[in-house]
Structure formats: structure tokens, C-alpha cells
Amino acid sequence: MKLVFLDADGTLFHHEGYIPDSAIKACIQAQKNGHKIILCTGRQRIEIQCH
């Protein structure tokens, strides 16, 4: 297992504020391969919306 740290702005989130399907698919595949995805951001918890 590996830990995968992803920055939010400009890396995971598109500059228009959404997560592209390609990024979601890549995260799902990494998890299926046994890796842990960790959001690494300077944002406060309240600024992160989970849907």
C-alpha cells in the first residue's frame, strides 16, 4: 500500500471548482490497487465540500 497525497487547488480540483471525471477514475483505480488517497490542502475543513 502507498499513500497518495493530492493537492486540491489546481491538481485535483479543476480551476472552475469541480473534480474532472478523469481524476475521479484515477483515484478509484488507485484505491482498487490498494492505495490510500489523502487530500492535502491549505484549506480549512469548512471550505471543503463533500458530495
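Here are some notes on this predicted model, going from the whole chain to a few single residues.

1. Overall layout. The protein chain is built from one helix and two strands. Going along the sequence, these elements come in the order β-α-β. The C-alpha trace of the protein chain spans about 30 × 20 × 20 Å along its principal axes.

2. Surface and burial. If you are wondering what share of the chain is tucked away, 14% of the 51 residues of the protein chain count as buried. The accessible surface of the protein chain is about 4,400 Å², and carbon and sulfur atoms hold 54% of that surface.

3. Contacts along the chain. Take the contacts in the protein chain between residues at least 6 apart in sequence: 64% of these join residues that are at least 24 apart.

4. Helix length. Helix α1 covers residues 21–32, which makes twelve residues.

5. Which residues of α1 are buried? They are A23, C27 and A30. Looking down the axis of α1, the buried residues fall within an arc of 60°, so they line one face of the helix. D21, S22, K25 and K32, on the other side of α1, are exposed. Part of the cover over the buried residues of α1 comes from β1 (3–7) and β2 (36–40). After the helix comes G34, which has a positive phi, near 95°.

6. C27, a cysteine to look at. C27 sits in helix α1. Is C27 buried or exposed? With a relative accessible area of 16%, C27 falls under the 20% cut-off, and therefore counts as buried. Setting aside residues up to four places away in sequence, C27 touches L6, L12 and I37.

7. H14 belongs to the loop between β1 and α1. The relative accessible area of H14 is 25%, so this histidine is partly exposed. From C27, H14 is 13 residues away in sequence and 15 Å away in space, C-alpha to C-alpha. H14 and R45 are separated by 31 residues in sequence and by 19 Å in space, again C-alpha to C-alpha.

8. Y18, also in that loop. Y18 is in the loop between β1 and α1. Its relative accessibility is 41%, and so Y18 counts as partly exposed. Beyond its neighbours within four places in sequence, Y18 is in contact with L12 and F13.

9. You will find R43 in the segment after β2. R43 has a relative accessible area of 32%, so this arginine is partly exposed. What does R43 contact, leaving aside its neighbours within four places in sequence? Its partners are D9, F13 and I48. R43 and L6 are 37 residues apart in sequence, while their C-alpha atoms are 13 Å apart in space.

Methods: Residues numbered from 1 in each chain as written. Predicted model: local features only at pLDDT ≥ 70, side-chain atom pairs only at ≥ 80, totals over all residues. Heavy atoms only, no water. Helix = DSSP H or I, 4+ residues; strand = E, 2+ residues; numbered from the N terminus. Buried < 20%, exposed > 50% of the residue type's maximum accessible area, 1.4 Å probe, protein only. Contact = heavy atoms within 4.5 Å. Areas by Shrake-Rupley, 256 points an atom, 1.4 Å probe, with all protein chains shown as cover. Expected span 1.5 Å × (residues − 1). Arc of directions from axis to C-beta.
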